[in-house]
Amino acid sequence: MKSVLSVQSHVTHGYVGGKAAIFPLQCRGWEVDNIDTVQFSNHTGYGSFKGRSTTSEVVESVFQGLNDIDVKYDAVITGYIPSAPLIELICGNIKRLKEKKPDMIYLLDPVMGDHGCMYVNESCISMYKKILHEHFIDIITPNQYELELLTNSTVRTKQDLIRSVGYLHETFRIRHVVVTSLENFEFNNKKNVLYCAVSDSKSGKRALFEVPVIKSYFTGVGDLFSALLLDRLYDLTRNGEDGNAEFQLWHAIIQVLNIMSKTLHLTRSIGIENYKQNQASNGKQVHDIESHINDKSMKFFELKVVQAKPFFSYDGMDDFSPIHY
Amino acid sequence: MKSKSALSISSHVAHGYVGNRAIVFPLQYLGWDVDAINTTNFSNHPGYGSFKGASSSSELVGEIFQGLEKILDISDEYDIILTGYTPSEQILQIVYEEIKKVFQASQRHPALIVDPVLGDNGKLYVSEKVIPLYEKILGTGFVSLTTPNQFEFELLSGVKITSKQSLKEAIQTFYAKFKVPNVVISSVTLDGKSYCVGYSHSKDRLFAVKIEEIDCHFNGCGDLFTAIVAHHFYSNGFELSLDLISTVLRRLRKVLETSLELEARETKNHEIKNVKDIRVVSSRNALDEPLDPGYSLEVMQL
């Protein structure tokens, strides 16, 4: 039985952070322990939210309690952590867990912001860098902006990407770097696509995957992505050298991309249906749905994590293929 | 095509399956969107002999309710509201006030399911001050179903259950006191045997189904029980039936069996008397796999 510790946010309503990550992992058979870094009523996209960050004292105390009963994990995943002191405290505890069980896999999602906009304090950047210098991270999943923040660089071209990903491999000795979404990226000049970049320093393999953009109002997508990725990369990262390393890596990524795509399409279609029903009950007809998907209708487009359950067991190889660069 | 949606107010532990950790995943697995308000933030349950962390403050619980009220209509959003372990009377007081607010404001409201978590086997594990608050909540007229264990039911009804006769009396007294239309007592001991008891006021029926016991204690069992009952209560149009109770018991039994088997295999100990963590994830198939239609549990005539 595989066990994983998930350290990220908790919201009562909606699907971001732990709410987007835990259920899919459980459906994949993981025993998931979780420590909540915040307890909020909902995510910030609603325009209002209430609740609090978990204090350092409580987080430290929960880690101590787990240590007292001698819990060990096969993997750890961290996501949104609201402040630099909490990042330091959480990552310090994870380092000790890894010392206790050196083959434990640690996936760090350096959640800091998106599209040039930070949603944590700037001090988190240097704290994450400090943590990365300690060399106990196995998989990192920044988005384009977070990659730029961690490498003090601008990433717009293939050369930029090779340089910054190489920096993460070499300076921080991270084996798997997966850049979850390159949106502002000069490559092939295609419209309505984004790229997911994968690089494994052990096999020296790297590739881009072209991902069609699904128009909707999405939150929690990165959290779900990281959880699925951990599940699919786990065996690969733990097991020794295998003749088929390249195939296995692509297989893992392609499965994650397929599950994401199915989940996002489902989220969009259920969201549209529920929105239309809601409007109809207020006597309003919806003609041009695209113009209705915005800040005001966003609550209908919470990730349909529970409804996506059948997708989590997907093990095919459809729709996506690696572009070597 | 809005899916089933629940608000669950109970404890959170980082490790193991009690409180919301035993409620949220099973309900999600059965297709529910579950919004969880956590009344504690502990490392694990006290059954381990040590645990750390903290209870949530009543202010935080109040804030979460306020936050929700700003973005949604609680009375319309949820099909059921489930209340479980609350560590202090302050938190339960907040829950009580919020529920009153929601139920008084609207005609349409969720089914309120109250698990009055007080203690077990003659021992309280919450403050005594919680008892009168549960009496208030149960007496509001808003509660659709309550799922106490025998100790809790005796405490709340004021009647000790020692025979079929005193069971009936306890049920009558409880109804006279609180007017809760549906009651499921997770386990009642009569003549050395355990029964799960259900009472439906609208059907004027009392059921008792024999529990095929496993000689082992399982932490978190009561919370999982309430979650499974809640799901079937909803699916059955908010009506209790003999069939419903049997189904719940058979599914729960499978989860417990699997948990014990796994524990025995992992620890290479076949004399386990206490499973600290029921294996909610590993035994998830038991929650929805088809049950053998030819098999039925023993029913006690009352």
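**A tour of the salt bridges**

Select K129(B) to begin: with 56% relative accessibility, this residue counts as exposed (over 50%; buried is under 20%, partly exposed in between, with a 1.4 Å probe and protein chains only). The model is predicted, so local features need pLDDT of at least 70 and side-chain atom pairs count only at pLDDT 80 or more, while totals for chains, interfaces and linings use all residues. Residues are numbered from 1 along each chain as its sequence is written, chains are lettered from A and ligands numbered from 1 in the order in which they are written, and side-chain values use heavy atoms, without hydrogens and water.

Move to chain A and select K130(A) with E88(A), whose closest N and O atoms are 2.7 Å apart in a salt bridge. K130(A) is partly exposed at 42% relative accessibility, and E88(A) is partly exposed at 36%.

Now display both chains and select E63(B) and R52(A), joined by a salt bridge of 2.6 Å, N to O. This pair crosses between chains. E63(B) is buried, at 18% relative accessible area, whereas R52(A) is partly exposed, at 35%.

Finally, show the whole of chain A. Buried residues account for 60% of its 325 residues, and its C-alpha atoms fill a box of roughly 60 × 45 × 40 Å along the principal axes. Over all chains, the structure holds 30 salt bridges.

Technical notes: A salt bridge is a side-chain nitrogen of Lys or Arg within 4 Å of a carboxyl oxygen of Asp or Glu. Helices (H or I, at least four residues) and strands (E, at least two) are DSSP runs, numbered from the N terminus.
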